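Subject: Model handover

Hello,

Here is the structure for your files. My notes follow below it.

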Amino acid sequence: MYRLYYAPGSANLLVHLALLEIGAPHELKRIDIEKGEQRSAAYLAINPNGVVPTLMIDGVPHGEAAALAMLLAERHPEATLAPVPGSTERADYLQWMLYLANTLQPLFRQWFYPGDHLPEGADAIKQAARAGIEKCWTKIDAHLATHGPYLLGENFSVVDLYALMLMRWSRNMPKPATAWPQLAALATRLKARPSWKRVCDAEGLIEWA
Ligand SMILES: N[C@@H](CCC(=O)N[C@@H](CS)C(=O)NCC(=O)O)C(=O)O
């Protein structure tokens, strides 16, 4: 049994979508990050970084959204959320997961929490993060134009769920991901999947255009 500690729309979204795509039974436990519940002693005991998500697997806590998504894909190969080890698509899968985790997601952390890095330089950090995020969208959009319709080509995968979460995070930015045509098409395609409506209902998320 899985238990996902989440805050609506946060980095848990990727893990939650993966659980729904897999059809894995799971419980949800909401963490109020506005109230700082992620820094409570009880939560730090299961996630020493004080962030969501945490996924409890058979009573053992695990963290890091991208790692959790990859772990779920590995634990449930029947859901075909990732190319199998040894396949030709596997290298692309690893490359894109790590690109999103190492390059794009940290820029969002800088955009949303600029004061964490350098309180007196928050504006400059936000502008640099914005430029970096837009550069990533341009790169991914160009990749989709030649290698789409999904990040890994013909086959939907957990990489697309990751991109969907990050695209949603950009919705209130000066230039959201959906300003790029291939990304907009990908978002529309992914939001048509039943997992999207279910995740929005479960986390109480407002749709975005
Ligand atoms: N690298 C972590 C980052 C998680 C993260 O930044 N979560 C944010 C919400 S999206 C959070 O918990 N923020 C509350 C805080 O930092 O106090 C992951 O991918 O799991």
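The buried residues of helix α1 (12-22) are Asn12, Leu13, Leu14, Val15, His16, Leu17, Ala18, Leu19, Leu20 and Ile22. Buried means under 20% relative accessible area, exposed over 50%, and partly exposed in between (1.4 Å probe, protein chains only). Ten of the eleven residues of α1 are buried, so α1 is largely enclosed by the rest of the structure. Helices (H or I, at least four residues) and strands (E, at least two) are DSSP runs, numbered from the N terminus. The buried residues of α1 pack against β1 (2-6), β2 (26-30), β3 (54-57), α3, α7 and α9. Contact here means heavy atoms within 4.5 Å. Gly23 follows α1, with a positive phi near 80 degrees.

Some ground rules. This is a predicted model: local features need pLDDT of at least 70, side-chain atom pairs count only at pLDDT 80 or more, and totals for chains, interfaces and linings use all residues. Residues are numbered from 1 along each chain as its sequence is written, and side-chain values use heavy atoms, with hydrogens and water left out.

Next, the domains. The domain assignment gives domain 1 (2-80 + 196-203) and domain 2 (90-193); such bounds come from an automatic or database domain assignment. Their C-alpha centres lie 20 Å apart. The contact takes 17 residues from domain 1 and 19 residues from domain 2. About 1,500 Å² is buried between the two, and carbon and sulfur atoms give 72% of that. Buried area is the accessible area (1.4 Å probe) that two parts lose on being put together, summed over both. Leu14, Met70 and Trp196 supply 41% of the area that domain 1 buries against domain 2, more than any other three residues.

The rule finds one salt bridge across this interface. A salt bridge is a side-chain nitrogen of Lys or Arg within 4 Å of a carboxyl oxygen of Asp or Glu. On the domain 1 side, the elements that give two or more residues are α1, α3 (65-75) and α9 (194-203). The largest share, five residues, comes from α1.

Now the packing. The largest nonpolar core has 65 residues. Such a core is a set of buried Ala, Val, Leu, Ile, Met, Phe, Trp, Tyr and Cys residues joined through side-chain atoms within 4.5 Å. Among those with the most contacts inside this core are Leu55, Leu104 and Trp137. Helix α7 (residues 158-169) gives the largest share, ten residues. The core draws at least three residues from each of domain 1 and domain 2. Leu104 touches Tyr99, Ile133, Cys136, Trp137, Ile140 and Leu166, not counting residues up to four places away in sequence. A second, separate core of seven residues includes Tyr5, Ala7, Ile31 and Ile46.

Last, the charges. The structure holds six salt bridges. Glu27 pairs with Arg3, the closest N and O atoms being 2.9 Å apart. That pair links distant parts of the chain: Glu27 in strand β2 and Arg3 in strand β1, 24 residues apart. Arg193 and Glu21 meet at 2.8 Å, N to O. Asp32 and Lys35 meet at 3.9 Å, N to O. Asp32 is partly exposed at 22% relative accessible area, whereas Lys35 is exposed at 73%. Lys197 and Asp201 form another salt bridge (2.9 Å, N to O). Both lie in helix α9, four residues apart, about one turn of the helix.

Best wishes
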